[in-house]
Amino acid sequence: MKSTIIQRMLFPLICTLLIFSCTKKQEVELNQIQKNIIVGFSQIGAESAWRTCNTQSMRDAASASGIQLLYDNAEQKQENQIKAIRSFIVYQVDVIVFVPIVQDGWDNVLREAKDAGIPVIIIDRKMRVADESLFTAYIGADHVEEGRNAARFLLKKFKDENQNYRILEILGTAGSSVADGRYTGFREIINTDKRFTITTSIDGDFLRSRGKEIAETYLMENTKLPFDILYSHNDGMALGFLDVLENTPILPGKDIVIVSVDAEQAAIDALKEGKINCVVECNPKIGDLVIDMVKQLTEGKSIPRVTYVNENVFTEWDDLSLLPLRGY
Ligand code: AHR
């Protein structure tokens, strides 16, 4: 049947209307889906200002997207995280997001999530699983690079070729990928220079109170600090160490050079006062990125296996007068 001239003239208009109404409908459906997305989020606790900011960043990003976030605080216990993940499975959430407090021991619960068809995104910390298909993606920092950056600062700072330097390292939570990464990356660089020796490496569990205890122990045992450098795996422990030094004649930043990781406001302030020499940033504000990936997953799109966030290094040589407040 031949079409009339009027029919032919109307055809493009009808098509446009059809396409428009289709896009509009899809858009409405998409918004509807996003509103109904439920994410189960297992956080490890609130051991540092960094962690509190990380939690807030997830909460803000979820609420800005109309996503329901079921939040659980594991209070530093892996078994609490496992329980939380199991309850998210029973609840049939759309996506599980969690921070693995330590690297090992997740296989069983993740298999349960996989059998239930729930994708898992790990954030901030990595883990070791026998079957890599048990989780979809990692989003967070490159902790090995953070350790390298801490060591690079020291190599640049100490110019005297005939001097030797003793390092006290305060480690983060034992068994965590963060502590492992900061340990490995630091050694990768520092061991290239014979002047530096890590004379003590001690567990601080990322706690300010442990930083204090460690400083007290070494000050009680010795009349002088037996170290030239403190490398602390986070700001909290470095600040605890500083709390103790404040009441001694030892000058932080001069008698003992201090490098730490996170870039909390309090550490940046100490850097500006000359009490800390270098702060390697670890960025906790990853909520928007994570929620964006959650949305993509629920839309059936694939997401990158590993996403590292950009991070800075702040040193005593930088002009930090214009640095915006850190927010943590
Ligand atoms: O996993 C990131 C680390 O955990 C941060 O460096 C530390 O402050 C936190 O508690």
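**View 1. Helices around the ligand.** Two helices, α2 (49-64) and α6 (177-190), each bring at least two residues to the shell around the ligand; helices here are DSSP runs (H or I) of at least four residues, numbered from the N terminus. This is a predicted model, where local features need pLDDT of at least 70, side-chain atom pairs need 80 or more, and totals for chains, interfaces and linings use all residues. Residues are numbered from 1 along each chain as its sequence is written, and side-chain values use heavy atoms, without hydrogens or water.

**View 2. Between two domains.** The ligand lies between domain 1 (36-141 + 284-310) and domain 2 (143-282) because both give residues to its shell; the bounds come from an automatic or database domain assignment.

View 3. Look for oxygen atoms of the ligand: one is 2.8 Å from a polar side-chain atom of aspartate 124. There's also a 2.9 Å distance to a side-chain N or O atom of serine 48, and one of 2.9 Å to a side-chain N or O atom of asparagine 234. The protein covers 100% of the 280 Å² of accessible area (Shrake-Rupley method, 1.4 Å probe) that the ligand has on its own.

Conventions: A polar contact is a pair of N or O atoms within 3.5 Å; within protein, one must be able to donate a hydrogen and the other to accept it, and residues adjacent in sequence count only if both atoms are side-chain atoms.
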